[in-house]
Amino acid sequence: MYIQALKKECITEEYGVQMRRVYQVNTEPFHPPFGSAWAIVKPGETSAPHVHHEHETFYITAGAGTMIIGEEEQKVQTGDVIYIPPHEQHALRNDSENEDLIFITTWWE
């Protein structure tokens, strides 16, 4: 069994959000075929718009906001799962004034 906690000392700033990377593609101890991370978008903030070649999925675990993929915007909330195709610019905005938007992201080739 291998357990990783969402500890404050493991959180870094990436893509304009607070992020705790969990598994990285083809790294110890498991060499998974995917990468993953916890991410926190603070109230009123937006992740940095970015593009990459991997497929990606966001699992919204707390809060609500707006998912932006290309020119399309759609409201998202706890329990939503979002697929992001490769090479599509994307960002996630927290529309709340006082609640974190927390999600898990998984990406793969």
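## Strand S9 and Thr106

Strands are DSSP runs of at least two residues, numbered from the N terminus. In this predicted model, Thr106 belongs to one of them, strand S9. S9 spans residues 101-108.

Thr106 has a relative accessibility of 14%, and the residue counts as buried because the limit for that class is under 20%. Setting aside neighbours within four places in sequence, Thr106 is in contact with Phe34, Gly35 and Ser36, and also with His55, Glu56, Thr57 and Tyr59.

Beyond residues up to four places away in sequence, Phe103 touches Ala37, Trp38, Ala39 and Val41, together with Phe58, Tyr59, Ile60, Thr61 and Leu92.

Phe103 and Ala62 stand 41 residues apart along the chain, and their C-alpha atoms are separated by 6.9 Å.

## The largest nonpolar core

The largest nonpolar core has 16 residues. Those that touch the most other members are Phe58, Ile60, Met67, Ile82, Leu92 and Phe103. Two or more residues of this core come from each of S2, S3, S4, strand S5 (64-69), strand S7 (81-84) and S9.

Ile60 has contacts of its own to set beside those of Phe103. With residues up to four places away in sequence left out, Ile60 touches Val76, Gln77, Thr78, Gly79, Asp80, Ile82, Leu92, Leu101, Ile102 and Phe103.

## The largest pocket

The volume of the largest pocket is about 190 Å³. Its lining consists of 14 residues, and Tyr15, Met19, His50, His52 and Glu56 lie nearest the centre. Strand S2 (17-21), S4 and strand S9 (101-108) are the elements that give two or more residues to this lining.

By residue class, the lining of the largest pocket holds seven nonpolar, four polar and three charged residues. Glu56, one of the residues nearest the pocket centre, is also among the contacts of Thr106.

## Lys42 in a loop

Lys42 is found in the loop that lies between strand S3 (34-41) and strand S4 (55-62). With a relative accessible area of 29%, Lys42 is partly exposed.

Not counting residues up to four places away in sequence, Lys42 touches Gln18, Asn94 and Asp100. With Asp100 there is a polar contact between the two side chains, at 3.3 Å. Lys42 and Glu73 are 31 residues apart along the chain, and a separation of 19 Å lies between their C-alpha atoms.

Technical notes: Residues are numbered from 1 along each chain as its sequence is written. This is a predicted model: local features need pLDDT of at least 70, side-chain atom pairs count only at pLDDT 80 or more; totals for chains, interfaces and linings use all residues. Side-chain values use heavy atoms; hydrogens and water are left out. Helices (H or I, at least four residues) and strands (E, at least two) are DSSP runs, numbered from the N terminus. Buried means under 20% relative accessible area, exposed over 50%, partly exposed in between (1.4 Å probe, protein chains only). Contact means heavy atoms within 4.5 Å. A polar contact is a pair of N or O atoms within 3.5 Å; within protein, one must be able to donate a hydrogen and the other to accept it, and residues adjacent in sequence count only if both atoms are side-chain atoms. On a 1 Å grid over the protein atoms alone, a cavity is a set of points where a 1.4 Å probe fits but cannot get out, and a pocket is an open set with protein on both sides within 12 Å along at least five of seven lines; lining residues have an atom within 4 Å of a point. Grid points are joined across faces, edges and corners, and a volume is the space filled by probe spheres set on the points. Ala, Val, Leu, Ile, Met, Phe, Trp, Tyr, Cys and Pro count as nonpolar, Asp, Glu, Lys and Arg as charged, and the others, Gly among them, as polar. A nonpolar core is a set of buried Ala, Val, Leu, Ile, Met, Phe, Trp, Tyr and Cys residues joined through side-chain atoms within 4.5 Å.
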